[in-house]
Amino acid sequence: MTSHPRAGKNRLAPGLAALASLLAAAAWASPPPAAAPDGDGKLRIITFGAHPDDCELDTAGVAAKWSALGHKFKCVSVTNGDIGHAVIAGGPLALRRRAESRKAAQILGIETEVLDNHDGEVMVTLENRRKIARLIRDWQADIVISHRPNDYHPDHRYTGMLVADAAYMVQVPYFTPEVPPLARNPVFLFSEDRFQKPNPFSGDIVVAIDDVVDKKLAVTEAMESQFYEGGCCDVPAGGMPQDAAGKEARRKQVRDAFTARFASTTDRFRSRLAELYGADRAPGIKYAEAFEVCEYGRQPSKEEIRQLFPFFPAR
Ligand SMILES: [Zn+2]
């Protein structure tokens, strides 16, 4: 209910009083203004990974490609990675992993942010849903990428769930009203995984990353604590090498494993690559990244997918 001051008790000049009354009524009746869409024609993409390495592993290729075209890409790690190592943990590891994420961001030409949640402890809470929704709104995202909520790791699963929970709420004006809602619902995508139940990942969008694979491999090298040292659970048999030859062999082992992994996406989605790049070009593609369109958020047409991923040849 809105109350109006009686004319006799109003100390404001009549014109000002009318204006104040109008403003009060407007504030009551209207939702907070939606933020104006960015008019520079540049896309804005935000990826949420559970740990400092997930977003980089899943999207470094497309991140480098978007960035090279002047589009804006942000990588968010929802935890600080502070237990992702076999022999180090806590603050020192969190600082080290944050530094590695920053190095990766420099290589890719993107922004990065590591949220200060403990590794292994992400929960689907209202506070976290608000945090994710604010980050998507602040970034004015056109595209949001995260894990599918049936991933093996609880942090991946709950990060995926939090992003899915924010997919509708980013448009609701009075949900976290201190950050204006988005004028247009972003397209939400899932990054690739190998899980089969309740349904396998569908590679709706598959992007060739041959031209930037060296950058992606450089990112894996920059994230030493995770990949070179083996993270929590993949320490090289016999421990970390101490001599120069052993160190070089370990570096090569990591690089070869990732080269094979990035190539396996291409083999998995060869027919989709043929649809997107043409049957003549697809067989020559070596490395790729794949994405599934989430049923929540804006549903892009095939034409819009080509606008959002301006990497495919004209048909
Ligand atoms: Zn992870």
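Accessible areas here come from the Shrake-Rupley method with a 1.4 Å probe, and for residues only the protein chains shown count as cover. This is a predicted model, in which local features need pLDDT of at least 70 and side-chain atom pairs count only at pLDDT 80 or more, while totals for chains, interfaces and linings use all residues. Residues are numbered from 1 along each chain as its sequence is written, and side-chain values use heavy atoms, with hydrogens and water left out.

**View 1. The whole protein, before we zoom in.** The protein exposes about 15900 Å², and 56% of that comes from carbon and sulfur atoms. Of its 315 residues, 49% count as buried (buried means under 20% relative accessible area, exposed over 50%, partly exposed in between, with a 1.4 Å probe and protein chains only). Nine helices and seven strands make up the secondary structure; these are DSSP runs numbered from the N terminus, with helices being H or I of at least four residues and strands E of at least two. If you take contacts between residues at least 6 apart in sequence, 79% join residues at least 24 apart (contact means heavy atoms within 4.5 Å).

View 2. Seven strands line up in the order 3-2-1-4-5-7-6 to give an open sheet with mixed pairing; two strands pair if DSSP finds at least two bridges between them. Strand 3 and strand 6 (205–208) sit at the edges with a single partner strand each, so one side of each has no neighbour in the sheet. Neighbouring strands are turned by 25 degrees against each other on average, direction ignored. For such angles, axes are lines fitted to C-alpha atoms (for helices, over the stretch in contact), and values run from 0 to 180 degrees between N-to-C directions.

**View 3. Strands 2 and 3, with a helix on the way.** Four bridges hold strand 2 (residues 72–77) and strand 3 (residues 111–114) in a parallel pair. Look for Cys75, which stands opposite Thr112 in strand 3. To get from strand 2 to strand 3, the chain goes through helix 3 (residues 91–108), making a right-handed β-α-β crossover.

View 4. Strand 4 (residues 143–146) and strand 5 (residues 187–191) run parallel and are joined by four bridges. Ile145 has Leu189 as its bridge partner in strand 5. Helix 5 (residues 154–169) packs on the sheet and touches strand 1 (44–49), strand 4, strand 5 and strand 7 (288–297). The direction of helix 5 makes about 155 degrees with that of strand 4.

**View 5. Two nonpolar cores.** A nonpolar core is a set of buried Ala, Val, Leu, Ile, Met, Phe, Trp, Tyr and Cys residues joined through side-chain atoms within 4.5 Å. The largest one has 50 residues, and Trp66, Leu189, Ile205, Tyr277 and Phe309 touch the most other members. Helix 2 (residues 54–68) gives the most to this core, with seven residues. Zoom in on Phe309: leaving out residues up to four places away in sequence, Phe309 touches Val62, Trp66, Ile143, Leu189, Ile205, Val207 and Phe291. There is also a second, separate core of 24 residues, including Phe48, Val76, Leu115 and Phe175.

View 6. Lys197 and Pro198 are joined by a cis peptide bond, with omega about 0 degrees; Pro198 belongs to the loop between strand 5 and strand 6. Asp53 isn't a glycine, yet has a positive phi of about 160 degrees. You'll find Asp53 in the loop between strand 1 and helix 2, where Asp53 is buried at a relative accessible area of 5%. Gln140, also not a glycine, has a positive phi of about 55 degrees. Gln140 sits in the loop between helix 4 (126–139) and strand 4 and counts as partly exposed at 21% relative accessibility.

**View 7. Ser225 and its surroundings.** Ser225 lies in the loop between helix 6 (213–222) and helix 7 (244–268) and is buried, with a relative accessible area of 0%. Setting aside neighbours within four places in sequence, Ser225 contacts His85, Leu93, Arg96, Arg97, Glu100, Gly230 and Gly231.

**View 8. Arg270 in helix 8.** Arg270 is part of helix 8 (residues 270–277) and is partly exposed, with a relative accessible area of 27%. Not counting residues up to four places away in sequence, Arg270 touches Ala282, Pro283 and Ile285. The C-alpha atoms of Arg270 and Ala288 are separated by 9.7 Å, with the two residues 18 apart along the chain.

Conventions
Right-handed = clockwise from strand over helix to strand, strands pointing away.
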